[in-house]
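Please look through the structure shown here, and then work through the questions and answers that follow.

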Amino acid sequence: MDIKMAKKSILGNLRAVVAPARQYSTKRTVPDKTRFIPTSGTYPKGFIVSGTHVGVKKDPNALDLALIFSERPCSAAAVFTQNVFKAAPVQVSQIILKETSGSGITGIIANSGCANAVTGEGGMEDAWSMSAALDQSVLGTETRANIYKTLVMSTGVIGQRLPIEKIVNGVPNGVAVGGKDHESWMNTAKAICTTDTFPKLMSREFTLNGQSYRVAGLAKGAGMIHPNMATLLGYFVTDAPVTPNALSSILKYAVERSFNSISVDGDMSTNDTIAALANGAAGGALIDVGTEGYEVLKSEITAFSENLAQLVVRDGEGATKFVTINVEDAESFDEAKKVASTIATSSLVKTALYGEDANWGRITCAIGYSGVNVNPLKTSVSFVPADGSEELKLLVDGEPEDVDEERASQILRNEDLIIRVRLGTGGGQSARVWTCDLSHEYVTINGDYRS
C-alpha cells in the first residue's frame, strides 16, 4: 500500500470513529409555552393600560406601543442596566425619578421594535418626546415647566432611531382605547414583545393589615438576558399605598433575588429596566420603611418578582430546559450567587443540558473559576428531579459517585431541572439563579435577528 492509499485508509477510519459521536446534535423540541399565558387576572385599582400598533414594527398586526397610566399620581421606583451604553429611555427615566424623587408619576410608555440605544442626542430628544406625549394626553398640559412625569422604555434593535412621529401621534389613541380588563392588560404585555414566544403577564391579590391589595406585572425578554440592574424590560404596579422610599427599597431587594438572578445568554442589555408604580387606590395606611406591613409587602413583591422573572427564562430564545441552580452553604449570599451565576453562564454547561448529557464535570469546572474561594474536598453536586423524587448525587465532598447514567439521562429529559451545589463552608448562606440551555435555535434566531 502506497503512502497516498494509507492516508485515505487512516482518514476513512477516523471518520467512521468520529461520525457516531456527532449524532448528539439532533434538534430537540422546544416545549409548548402557551400554558404560561393567563386567561384571566385580578388587576390593581386605578390603572388604565393599552397595547396598540403605531408602526415601529413593519407587521401591521404587531402591537408595538404599550401605555400604562394611573387615575391618580403614583409613587415610583426603578432599577436600571449597569451597561455603560445606557439607552436614551434609561437615561431619561433616571433623570425623571431624580427630579421628582419618585413622587407624582403619571405612568409608563414603552415601545418595541427599536431600542433607541446608541442614538446620540437625537435619541434623547425622542425619549423626552415619548414622556411628554403621555403626560399631555393624560394630564392635558404641555411639559409643565419641563417637569416630566412619565417613565420611558424601549426595546428592539440597537443603533437605530425611532419613528418618533408615529409614536407621538399614536399616544392619544392608545390613551383613548385604554382599559382595565384582562384583554387590555394582555395587549399591553404583547406590545413590549420582540423575539418573545408568549406575553409575560401575572397578577395576584394579597392581604396586608387586613386590607386586600392587588399587584400586576409584565415583562419582556427572551435573549440578551443577563441583567445587572443595578433588552430586559419589566414593570409591576400595585394599588397599595407605598412611599417612594419604601418602594425603592423593596424593588432593589426583590430585583436582586429575581431579575438579577436570571440568565439566558450572558449578555447584559443596554436597556434593562425594572420599574414599579404604587397609586394607593385601594386605601389603607401608608407603608414606609419600618412601618407595619413593610416586611410583608417586601416578601409579597419579592415572590411575585421571582415568578415573573422565571417566565423570562422559560421563554429564553430556543430554550428547551428551565434550570434552577441552588448553591448552598456558602460564606455569604454574594458568594453563593456568584457561583450560581458562573454555572448559569457557562456555555459548556448549557450545551450539555441541551444535549441531555450528564457531564457534571463542566459544573465543577465553572465552580472552580467562579472567583470564589472554594474547597474542592468539601464540594458536592447533585441533580434534583423536578418531580420531587430522590436527588442524584454526582459529587460528594470532592469524591465522584458511581453515577447511574440511565437515571441521569431520564432526569435531563425533563423540561425542569434543579442543580444543587453545596460548598461545605459552614457559612450556611445560599442563593438561586435560574437559567436555560443553549440550543441550535438560539443561534438561528440571533444569526438573522435584524432580517
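## Helix pairs, buried residues and backbone angles

In this predicted model, helix α2 passes helix α3 in a right-handed crossing.

Q: Which residues of α2 and α3 make the contact between the two helices?
A: A contact here requires heavy atoms within 4.5 Å. On the side of α3, the contact is made by Gly123, Met124, Ala127, Trp128 and Ser131. On the side of α2, the contact is made by Ala88, Pro89, Gln91, Val92, Ile95 and Ile96.

Q: Are α2 and α3 parallel, perpendicular or oblique to each other?
A: The axes of α2, which covers residues 88-100, and α3, which covers residues 120-139, come within 8 Å and cross at roughly 55°. Angles under 35 degrees count as roughly parallel and those from 65 to 115 as roughly perpendicular. The two helices α2 and α3 are therefore oblique.

Q: How far apart are the end C-alpha atoms of α2?
A: Helix α2 has 13 residues, and at 1.5 Å a residue these should span 18 Å. The separation of the end C-alpha atoms agrees with that expectation, because it is 18 Å.

Q: Which elements do the buried residues of α2 pack against?
A: The buried residues of α2 are Ala88, Pro89, Val90, Val92, Ser93, Ile96, Leu97 and Thr100. To count as buried, a residue must have under 20% relative accessible area. The elements that these buried residues pack against are β2 (65-80), β3, α3, β4 and β9 (273-278).

Q: What is the phi of serine 101, which follows α2?
A: Most residues other than glycine have a negative phi. Serine 101, which comes after α2, has a positive phi, and its value is near 55°.

Q: Is asparagine 116 buried or exposed?
A: Asparagine 116 lies in the loop between β3 (105-114) and α3, and it has a positive phi of about 50° although it is not a glycine. Its relative accessible area is 0%, and the cut-off for a buried residue is under 20%. Asparagine 116 is therefore buried.

Q: Is glutamate 356 buried or exposed?
A: Glutamate 356 is found in the loop between α9 (347-354) and α10, and its phi is positive, near 55°, in a residue other than glycine. The relative accessibility of glutamate 356 is 18%, while the cut-off for buried is under 20%. Glutamate 356 therefore counts as buried.

Q: At what angle do the axes of α8 and α10 cross?
A: Helix α8 covers residues 333-344 and helix α10 covers residues 361-368, and their axes come within 8 Å. The two helices are oblique to each other, and α8 passes α10 in a right-handed crossing. The angle at which their axes cross is roughly 130°.

Q: Which residues of α10 do Val339, Thr342 and Ile343 in α8 meet?
A: In α8, the residues Val339, Thr342 and Ile343 are among those that are buried. The residues that they meet in α10 are Ile363, Ala366 and Ile367.

Q: Which residues does lysine 298 touch, not counting residues up to four places away in sequence?
A: Lysine 298 is found in helix α7, residues 294-314. With a relative accessible area of 15%, lysine 298 is buried. Leaving out residues up to four places away in sequence, lysine 298 touches Ile250 and Tyr253.

Q: What separates the C-alpha atoms of proline 163 and valine 56?
A: Proline 163 sits in the loop between β4 (150-157) and α4 (164-176), and it is partly exposed, with a relative accessible area of 26%. Not counting residues up to four places away in sequence, proline 163 touches Gly55 and Val56. Proline 163 and valine 56 are 107 residues apart along the chain, and their C-alpha atoms are separated by 6.4 Å.

Definitions and conventions: Residues are numbered from 1 along each chain as its sequence is written. This is a predicted model: local features need pLDDT of at least 70, side-chain atom pairs count only at pLDDT 80 or more; totals for chains, interfaces and linings use all residues. Side-chain values use heavy atoms; hydrogens and water are left out. Axes are lines fitted to C-alpha atoms, for helices over the stretch in contact, and angles run from 0 to 180 degrees between N-to-C directions. Helices (H or I, at least four residues) and strands (E, at least two) are DSSP runs, numbered from the N terminus. Angles under 35 degrees count as roughly parallel, over 145 as roughly antiparallel, 65 to 115 as roughly perpendicular and the rest as oblique. A crossing is left-handed if the near helix is turned anticlockwise from the far one by less than a right angle, and right-handed if clockwise. Buried means under 20% relative accessible area, exposed over 50%, partly exposed in between (1.4 Å probe, protein chains only). The expected span of a helix is 1.5 Å times one less than its number of residues.
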